[in-house]
Amino acid sequence: EQRPMASITKVMTALVFLHEKRDLSRDVVISRSDVRRASTTYLRQGERVSLKDLLHLALIASDNAAARVLARVSPWGTVGFVDQMNHKAAELGFDDTSFVDSSGLDERNLSTAYDLARLIAYASEDPTISRIMRKQSYGMRTSRRRLRIRNTNRLLQGRHVIHGGKTGYIDEAGYCVAAVVKLPGSDPLALVVLGARSNSARFAEARRLVNWVSTDGRSLITLNMQRAD
């Protein structure tokens, strides 16, 4: 079932942006349109910010203006960048996934739990993206001030090893999270929770999924793999 994916969108934004192998030390100026109705943002019009810091803002703090800037300053511009996001989704075989903006604020960014599990698993294999998503906090400096941002993904504070993860929320999507968890003695597990009723509920459900796989679910998964072989 297709559902709005909210800020999990930013995982694809990062993938598409990094594909061009840009100089991440380059500074860009934040425009009025970047921050207008951005909902969640640390950025202010007129200040200069590096591309590296924009990636951190988008993936750690789920900063909507940062995602908009990454699209705007790309070689394709804002509209062309979204086209590239859809092209990448098609290339990866995400048949039920489509994008209309780079931040996830638009409820027409649609996907399924299956596609998003594959997306977060794929992104977690990118060393730059995985390294950023694993940070619990990050310090940075704009042209005007210092900032310290904290990761919206509370799974990082638990006992499990997290290879990558991204949260999302808009009214139409509810509270969402996609993550890759490394369990002892097994391959990494990609999990997705969509439409939870609260911030804490999405992480509680994610932990229940991990605990289930660690106990009852592991034997079922192993059995299914054996049958497939």
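In this predicted model, Gly-164 is found opposite Val-180, a residue of strand β8. The strands concerned are β7 and β8, the latter spanning residues 174–182, and they run antiparallel to one another, joined by 9 bridges. Both strands belong to an open sheet of 3 strands, arranged in the order β7-β8-β9 and paired in antiparallel fashion. From one strand to the next, the twist averages 10°. Helix α6, which covers residues 113–124, packs on the sheet and touches β7, β8 and β9, while the direction of the helix makes about 135° with that of β9.

Strand β7 also contributes to the largest pocket of the model, as the strand, comprising residues 161–170, supplies 4 residues, the largest share of the pocket lining. Rolling a probe the size of a water molecule over the atoms shows where empty space is left. For the largest pocket, the volume is about 260 Å³, and the lining is made up of 14 residues, among which Ser-7, Thr-40, Ser-62, Asn-64 and Tyr-169 lie nearest the centre of the pocket.

Note on methods
Residues are numbered from 1 along each chain as its sequence is written. This is a predicted model: local features need pLDDT of at least 70, side-chain atom pairs count only at pLDDT 80 or more; totals for chains, interfaces and linings use all residues. Side-chain values use heavy atoms; hydrogens and water are left out. On a 1 Å grid over the protein atoms alone, a cavity is a set of points where a 1.4 Å probe fits but cannot get out, and a pocket is an open set with protein on both sides within 12 Å along at least five of seven lines; lining residues have an atom within 4 Å of a point. Grid points are joined across faces, edges and corners, and a volume is the space filled by probe spheres set on the points. Helices (H or I, at least four residues) and strands (E, at least two) are DSSP runs, numbered from the N terminus. Two strands pair if DSSP finds at least two bridges between them. Axes are lines fitted to C-alpha atoms, for helices over the stretch in contact, and angles run from 0 to 180 degrees between N-to-C directions. Contact means heavy atoms within 4.5 Å.
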